[in-house]
Amino acid sequence: MNLPENVVCTKNADQELKNILDQHKGKVFVLADEHTEALCLPLLPSLAEKGAIVVRIQSGEENKNLNTLQQIWMQMGDNGGDRKSLFVNLGGGVIGDMGGLAASLFKRGIRFVNVPTTLLAQVDASCGGKLAVDFNNLKNEIGLFRNPDKVIISPEFLKSLPMEQIVSGMAEMIKHAVLYSEEYLDQISEFDPKKPDYDLLASLVETSVRIKNDFAGKDPTEKGIRKMLNLGHTIGHAVESYSFTTSTPLLHGEAVAIGIVSELFLSNKILHFPVQKMMRITNLIASTYKPYKIKYETYDELIALMTHDKKNTDGMINFSLMSDYGQFQIDQHCTKDDIYQSLSFYNQMNL
């Protein structure tokens with residue numbers, strides 16, 4: 001497995017970025033929220049040396065929408081942005097998704113670079129070319145596919161993350177392990193988010209990026225094998241979207257962890273994924289993530305959200321399911337009762 005051609009993993013993110021900026025003749029914009037401007041922008045002095053204009057937005061999934069997209073374009077336009085401008089996305093998945101979409105549509109498309117600063121963004125959102133904003137209470141409803149010119153991944157940005165953000169990113173890594181091999185799950189199990197070993201984490205990040213690229217590179221627009229990267233996301237996205245309407249909203253990775261447990265139950269039922277392996281992954285998630293109760297009376301609402309997910313068509317809910325590590329089937333259909341059972345399985349595990 002190879003890294004994507006446009007991705008570099010390095011401890012010296014600023015030097016990699018400086019190499020790009022030195023070759024760029026136009027204006028430079030950097031998209032940041034209040035956290036990345038304070039904690040991450042100082043690690044990239046080459047941006048200030050280049051005179052980069054900071055485009056500021058508020059953090060959080062709730063701001064990943066068309067209104068914020070317009071605010072980005074307004075700030076770019078007011079500061080003389082043109083077709084020769086370069087856009088640098090400095091932040092997590094929200095910044096990368098929305099900033100990439102903003103750059104792809106501004107002046108019919110300008111160059112952009114992703115500098116992911118969360119674990120979740122480094123192993124997932126920053127690579128693969130998916131760009132989107134949320135719309136009508138549905139995640140990533142409006143978007144397109146376009147790869148950044150460069151993705152600069154550095155463990156240095158992870159050192160300022162709270163533990164909950166590290167744990168959130170681990171869900172995508174666990175998913176990659178299920179898709180690839182139990183040996184990779186063994187490596188992930190050695191990492192303790194309470195006492196993070198950043199050298200080990202950097203190695204895990206690079207492995208996850210290679211695994212994601214192995215799927216996305218073969219199927220850039222998600223017509224076939226890339227759908228397997230949705231493992232845990234059909235249920236996870238529904239739970240995440242529903243949680244935004246409550247007083248206890250979930251981080252993306254927290255919701256995906258719920259989805260992984262539920263969809264491995266479906267994998268066991270439909271494709272006979274081994275029970276012992278399912279329970280190992282379930283127990284790892286139980287020991288890593290905080291408990292979250294899915295109320296029975298919300299099951300129908302969750303199924304309705306799954307039905308409206310953009311991955312599904314003709315009212316059918318499509319699942320990407322496993323028969324073993326590295327063995328999978330796309331476009332698997334489950335009954336309403338199957339999905340009910342999978343949600344109840346998650347609840348019964350006292351997660």
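In this predicted model, the sulfur of Cys40 lies 17 Å from the closest cysteine sulfur, that of Cys9, which is too far for a bond. A disulfide is a covalent bond between the sulfur atoms of two cysteines. A pair of sulfur atoms would have to lie within 2.5 Å to be counted as one, and the structure holds zero disulfides. Cys40 is buried, its relative accessible area being 5%. Cys334 is also assigned to the buried class, with a value of 13%.

Thr10 is placed in the loop that runs between strand S1 (7–9) and helix H1 (13–22). With a relative accessibility of 16%, Thr10 counts as buried, because the limit for this class is under 20%. A polar atom of the Thr10 side chain lies 2.9 Å from the backbone nitrogen of Asn12. When residues up to four places away in sequence are not counted, Thr10 touches Glu16 as well as Ile152, Ile153, Ser154 and Pro155.

Ala103 belongs to helix H5, which covers residues 93–105. The relative accessible area of Ala103 is 0%, and the residue is therefore classed as buried. Beyond its neighbours within four places in sequence, Ala103 is in contact with Phe87, Gly109, Ile110, Phe112 and Arg146. Asn89 is 14 residues from Ala103 along the chain, and the C-alpha atoms of the two are separated by 9.5 Å.

Six aromatic pairs are present in the structure. In one of them, Tyr296 and Tyr299 have ring centres 5.0 Å apart and ring planes at 55 degrees, so the pair is tilted. Together, Tyr296, Tyr299 and Tyr340 make up one aromatic cluster.

The largest nonpolar core contains 70 residues, and the members that touch the most others are Leu119, Met173, Ile281, Ile294, Leu302 and Phe319. Helix H11 (residues 252–271) supplies the largest share of this core, ten residues. Contacts of Leu119, leaving aside its neighbours within four places in sequence, are made with Leu158, Leu161, Gln165, Ile166, Gly169, Met170, Met173, Leu201 and Val205.

Helix H7, formed by residues 163–180, is 18 residues in length. From its first C-alpha to its last, H7 reaches 26 Å, close to the 26 Å expected at 1.5 Å a residue. Of the 18 residues of H7, 14 are buried, so this helix is largely enclosed by the rest of the structure. An α-helix has 3.6 residues a turn, so residues three or four places apart point the same way. In helix H10 (residues 233–243), eleven of the eleven residues are buried, and the helix is mostly covered. The buried residues of H10 include His233, His237, Glu240 and Tyr242. Gly236, Ala238 and Val239 are also among them. The elements that cover these buried residues include strands S7 (138–145) and S9, together with helices H7, H11, H13 and H14.

Strand S9, one of the elements covering H10, spans residues 318–324 and contains Asp324. Asp324 has a relative accessible area of 18% and is classed as buried. This value falls in the buried class because the class takes residues under 20%. Apart from residues up to four places away in sequence, Asp324 touches Val178, Phe273, Pro274 and Lys277.

How values were computed:
Residues numbered from 1 in each chain as written. Predicted model: local features only at pLDDT ≥ 70, side-chain atom pairs only at ≥ 80, totals over all residues. Heavy atoms only, no water. Helix = DSSP H or I, 4+ residues; strand = E, 2+ residues; numbered from the N terminus. Buried < 20%, exposed > 50% of the residue type's maximum accessible area, 1.4 Å probe, protein only. Contact = heavy atoms within 4.5 Å. Polar contact = N/O pair within 3.5 Å; in protein donor to acceptor, adjacent residues only side chain to side chain. Phe/Tyr/Trp six-rings, centres within 6.5 Å; stacked < 30°, edge-to-face > 60°. Expected span 1.5 Å × (residues − 1). Core = buried A, V, L, I, M, F, W, Y, C linked by side-chain atoms within 4.5 Å.
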